[in-house]
Structure formats: structure tokens, C-alpha cells
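Please keep the sequence and the structure in view while reading.

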Amino acid sequence: MKKQEINVKELNGNVFEMIGDQWMLITAKKDGKINTMTASWGAMGIMWGKNVATAYIRPQRYTKEFVDSSDVFTLSFFGGEQKKAMGHLGSVSGRTEPDKIDRAGLHVTEVEGYPTFEEATLTLVCKKLYVQEMKAECFLGTEEIERWYPDKDFHYMYMAEIIKAFD
């Protein structure tokens with residue numbers, strides 16, 4: 001089924017559920033190859049007068065290389081479906097399991113040249129605007145560092161303009 005472009009300002013859904021409970025896939029293309037990872041941290045809102053999404057990627061994630069090499073990445077949502085597949089995609093690396101998307105049972109497709117999945121109920125095409133590594137000295141307390149970063153592998157934050165949306 002062909003994905004239809006929709007107006008990002010007409011999106012329905014609770015972003016806390018979409019990202020935190022249902023999860024999303026961060027996907028990018030590099031040298032003709034596609035890699036993806038599951039994420040349950042992120043945000044959507046307005047910055048610099050633009051509709052933006054924020055995604056967070058740890059430095060050791062293979063997907064980071066793909067996101068870094070491209071001006072654009074996609075965020076794909078599945079409406080709560082495909083949790084088993086997303087669990088697999090979040091637990092293995094494309095470095096060691098190059099066919100992890102096939103093994104998860106998802107089917108890659110493209111919208112206007114950007115990677116997504118046939119099964120996705122929503123795809124956001126995101127153009128990178130700002131990237132920054134989170135740093136220990138910027139935390140106002142130690143609780144988050146102790147709980148989420150015992151190895152000091154702080155996420156990189158990617159703020160990106162949502163340039164297109166497809167259902």
C-alpha cells in the first residue's frame with residue numbers, strides 16, 4: 001500500500017504513548033544500505049519556528065553512523081503493533097546481524113527516497129538541524145547519570161525539522 005503524505009500539524013496521537021510506550025524506529029541510509037534502531041526516548045515540538053522531533057542515540061549504536069552520514073533520517077511508528085520486531089531491532093546490532101530487519105519480519109520501503117517500513121502507520125521524515133553530545137557536567141544532579149549512564153556512554157541528541165509526514 002502506497003503511503004500518503006499528511007500535514008504534520010494534523011497528526012493525532014499522544015507523543016508520550018507513541019514514543020515511550022509504543023516505541024519508534026530511527027532509520028537512515030548510508031552508501032545505499034539502511035540501518036535502524038528502536039528508540040523509546042524522544043520528543044516532538046516547536047523550535048526555531050519549525051516542527052521538530054528530537055531523537056537520542058548512544059555513541060556505540062551502529063545506526064548513529066548512518067544518521068551522522070545523512071542530512072535526513074526517518075522516525076517510524078507502528079501504533080503499538082510490531083513490539084516483538086521492535087524489541088529485536090533494539091537488542092541486536094546491524095554490525096553483527098546485517099539482516100536484522102528481515103529477521104524481525106519487517107519490510108523496508110521508501111517514501112520519496114527516504115527509508116521506512118511497509119508496516120509503519122506513521123513515518124516522519126526529519127532533516128537534521130542540531131546535534132550535541134550530552135555531557136556529565138551539564139546534568140544538574142547525579143541520579144540520571146548513575147541510573148542511565150554507568151558506562152558514561154552519553155547519548156547524542158539530534159534535533160531535526162519534520163519536513164514530511166506519511167501515514
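The sections below treat aromatic pairs, charges over rings, a surface patch and one leucine.

**Aromatic pairs**

The model is predicted. Across the whole structure, a search finds seven aromatic pairs. One of them joins Phe78 and Phe117: the ring centres are 6.2 Å apart and the planes meet at 50 degrees, so this pair is tilted. Phe78 belongs to the loop between β6 (72–77) and α3 (83–91), while Phe117 belongs to strand β8 (residues 114–117), so the pair ties together parts that are 39 residues apart in sequence. Are these two residues buried or exposed? Phe78 has a relative accessibility of 1% and counts as buried, because buried means under 20% relative accessible area. Phe117 also counts as buried, at 0% relative accessibility.

In a further pair, the rings of Phe139 and Phe154 have their centres 5.8 Å apart and their planes at 40 degrees, so this pair is tilted. Phe139 is located in the loop between β9 (122–133) and α5 (143–148), and Phe154 in the loop between α5 and β10 (156–166); the pair therefore ties together parts that are 15 residues apart in sequence. Both Phe139 and Phe154 are buried. Together with Tyr149, Phe139 and Phe154 form one aromatic cluster.

**Charges over rings**

**A nonpolar surface patch**

Which residues make the nonpolar surface patch? Met47, Trp48, Leu129 and Tyr130 make this patch, whose area is about 370 Å². Met47 is found in strand β4 (residues 42–47). With a relative accessible area of 33%, Met47 is partly exposed.

**The surroundings of Leu106**

Leu106 is part of the loop between α4 (100–104) and β7 (108–111). Its relative accessible area is 2%, and Leu106 is buried. What is Leu106 in contact with, leaving aside its neighbours within four places in sequence? The contacts of Leu106 are Leu25, Phe78, Gln82, Ala85, Leu89, Ile101, Phe117 and Glu119. Phe78 and Phe117, which are among these contacts, are the two members of the tilted pair with planes at 50 degrees. Gln82 is another of the contacts; the C-alpha atoms of Leu106 and Gln82 are separated by 8.4 Å, although these residues are 24 residues apart along the chain.

Methods. Residues numbered from 1 in each chain as written. Predicted model: local features only at pLDDT ≥ 70, side-chain atom pairs only at ≥ 80, totals over all residues. Heavy atoms only, no water. Phe/Tyr/Trp six-rings, centres within 6.5 Å; stacked < 30°, edge-to-face > 60°. Helix = DSSP H or I, 4+ residues; strand = E, 2+ residues; numbered from the N terminus. Buried < 20%, exposed > 50% of the residue type's maximum accessible area, 1.4 Å probe, protein only. Patch = residues over 30% accessible without salt bridge, like charges linked within 9 Å, V, L, I, M, F, W, Y side chains within 5 Å. Areas by Shrake-Rupley, 256 points an atom, 1.4 Å probe, with all protein chains shown as cover. Salt bridge = Lys/Arg side-chain N within 4 Å of Asp/Glu carboxyl O. Contact = heavy atoms within 4.5 Å.
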